[in-house]
Each structure stands twice: as structure tokens, then as C-alpha cells.
Amino acid sequence: MSKWYQGEGKNADVVMASCVRLSRNLADAPFPSRMSSDIRKSCSKKIYAAVKSSPLANEFDMINLAELSDAQAAAYAEKQLISRAFLKLKSKASFMLSKQEDVSVMLCEEDHIKITAFASGEALEDAYQKADRLDDIFIDTLKLAYSDRLGFLTASPVNLGTGLQASYLLHLPALQRAGALYRLSSMVGKLGLSLRELFKNGDGDIYVLSNQVTLGISEKSAIDNITAICDQIVRQERAEREAMKENYDFEDKIYRALGILKSARRLDSREFLEVLSLVRLGAALKYLDIDYKTVGEMLYTLQNASLVASADKELTEEACAKLRAQIIRERLE
């Protein structure tokens, strides 16, 4: 069964995935930052019970981070199913995960309930529908913190109102090379959105476009607004790619990147993201016969924690680099 990062949806050449996060809180419990261990356990059980007694009962498993190795827990964060901050609560943290790994629910992280739903390509409405199914269950069965004037009450004022954060995961190598991202980030900031790097130093040329306004706006308006901006960015990225196609050195760089993936004996994290970005761009421009599914699978299963988790033993950075290169060579044979 395909995972969200293996899919190929609308505008997949630029839009890798869509993500919706909903923040909700119980009305009769303190925010997680002020919880005792007993209250945390009680709230987590109550939230999980709401799902297990619903029509979605068989679609979700409960995962206790305390029962996982550090690498196994971090691998979930690499796939964006839980936050890095959640890892710090490992000894007392648990979350629900769908069988397809496209929907997760962090229990008592910053908020009591944090639903995260993914869909491949530009499909924010699809991601929202997945999250909304769970949200309806919580609204119907639990007493949530809600104000008629302010909307859903959240631990951070940033999420007050709809409690919705909608995001697009964008592959923007052409705009990055054109030096246009600072201007673009400034422009979307004025429109109530943010554009940030997914990986440190912009490695991989992958950026997250997210809404920043949750108060005084409906979920539909938030989704419509960010989708309209996303469509503009897609057009700009494609225009820059067309201009780059005239550059022979650029084409050569793409083919060299594929050569590195096929023959390298070690690939550290940064070089891996750099060459994978070029190969994905080469696929989008029809230079290379490789699909987005293969690229997405490598991106989300070959980062360090995922490698250590799959090996089920401790690996040094050097060992990860060698194992990563070996796996990629075998997949691209």
C-alpha cells in the first residue's frame, strides 16, 4: 500500500504533498505544559477511546514512543508524522497512526490533540477531509475547548480560531537557483503566509508554504487562499525551469547527479539531498526516466534515523552514508 510520499498528485512536478494540521483541546483539562503524568495518561486514554469507539476504530494504531528506540521514534519525525518537540517527551508520549501512515494524532504535545493529515500533490482539500473525519469524532464525543467569539482555544495564540495550519510541500530548485526565494518569502509574508526551508540550509530545495492566520477566517477561506498562492508559485517555478533548460551546464549537472546516485559508495545527508533534488528536477523536465514515487520513497526512508531504525542497530554517520549509497544503487539498478 502506497504511502503519501510515494504518490503523484496534481502539479506533482512542483507540489510534493499537501498537509493539514488541526489543534484541539479538552475543555476540562489543563494544557499539556501544565499536566501531571497521571492527567496526561488519563487524557490520552480518553482521546484514544473516542476513536476506538468510532467507525474509524480499525484504521488507527496507538504507538507509545517509550516502547521505541530513539531511532525508531526519530524516524517518525523524519516523515513529519510527529514533531521534533514531541520526541523530547518520549518517555511519556504516544500518538495514533493510520494504517497508511497518512494521518497521525499526537496526544498531549503542545495541545491535547494535534491531527496531521497528508495527501500527495496539490490536494489540500483531500488532506483536510481526512483530518476532518477525525475532528468530527472528537467534536461529537469529547467536550472541546471552544469559544463562540474566538473559536477553538489552543495553547498558542497563533493557532487560536480554526486551529488549522494548511501547508504545501514545494520543490523549488529553479527559484532557489534564480535567487528568487527571499523576495518570494517576503511577498507571501505580507499575505499572511510563510515560506520556510524543510531541511537545514535549504538542502534538497524543499520548502513549506503555510498559512499564518487562523483567527477570523474559515477553514475553506484559509485553504482557498493558500492554494491560490501555491498556484502562482508553481507557475513561477515552471517558468524558471524552462529558462534553465537552455543551459547545457545545468543539463549536465542533472545527469551527473543521477550518476552519483547510481555509483556512489557513500552519500552523507547533505549530498544525498542535493543530488536527489537535481534528479527529481530531471524527472520533472523529462530528462530522466525515474518516477516521483522512487524519489519520494528515498527521501523519506533514507534519512539517518530511518536507516538506523531499519538496520535495528546503532550506525555511525559514516555507516549511514555507506548504507544509504548501497540501498540507492540497488534500487536504481
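The crossing of α4 and α7 is right-handed, that is, the near helix is turned clockwise from the far one by less than a right angle. The model is predicted: local features need pLDDT of at least 70, side-chain atom pairs count only at pLDDT 80 or more, and totals for chains, interfaces and linings use all residues. Residues are numbered from 1 along each chain as its sequence is written, and side-chain values use heavy atoms, without hydrogens and water.

**First stop: α4 and α7**

Select helix α4 (residues 124-141) together with α7; their axes come within 10 Å and cross at roughly 150°. Helices here are DSSP runs (H or I, at least four residues), strands likewise (E, at least two), numbered from the N terminus. Axes are lines fitted to C-alpha atoms, for helices over the stretch in contact, with angles from 0 to 180 degrees between N-to-C directions. The pair is therefore roughly antiparallel (angles over 145 degrees). Next, display Leu 124, Glu 125 and Tyr 128 of α4, which meet Glu 219, Ile 223, Ile 226 and Thr 227 of α7; contact means heavy atoms within 4.5 Å. By class, this contact comprises 4 nonpolar, 1 polar and 2 charged residues (Ala, Val, Leu, Ile, Met, Phe, Trp, Tyr, Cys and Pro are nonpolar, Asp, Glu, Lys and Arg charged, the others, Gly among them, polar).

**Second stop: α6 and α7**

At the contact, Arg 183, Leu 184 and Val 188 in α6 face Ile 229, Ile 233 and Gln 236 in α7.

Select Ile 82 and Phe 95, the residues with the most contacts inside the largest nonpolar core, which has 63 residues. Such a core is a set of buried Ala, Val, Leu, Ile, Met, Phe, Trp, Tyr and Cys residues joined through side-chain atoms within 4.5 Å. Helix α9 (residues 269-284) gives the most to this core, with 9 residues. A second, separate core of 54 residues includes Met 35, Ile 47, Leu 134 and Leu 170.

**Last stop: two loops**

Move to Gln 80, in the loop between α2 (70-78) and α3 (84-87). Its phi is near 65°, positive although Gln 80 is not glycine. Gln 80 is buried, with a relative accessible area of 15% (buried is under 20%, with a 1.4 Å probe and protein chains only). Finally, select Cys 108, between β4 (103-107) and β5 (113-120); this non-glycine residue has a positive phi of about 60°, and Cys 108 is buried at 0% relative accessibility.

Note on methods:
Buried means under 20% relative accessible area, exposed over 50%, partly exposed in between (1.4 Å probe, protein chains only). Angles under 35 degrees count as roughly parallel, over 145 as roughly antiparallel, 65 to 115 as roughly perpendicular and the rest as oblique.
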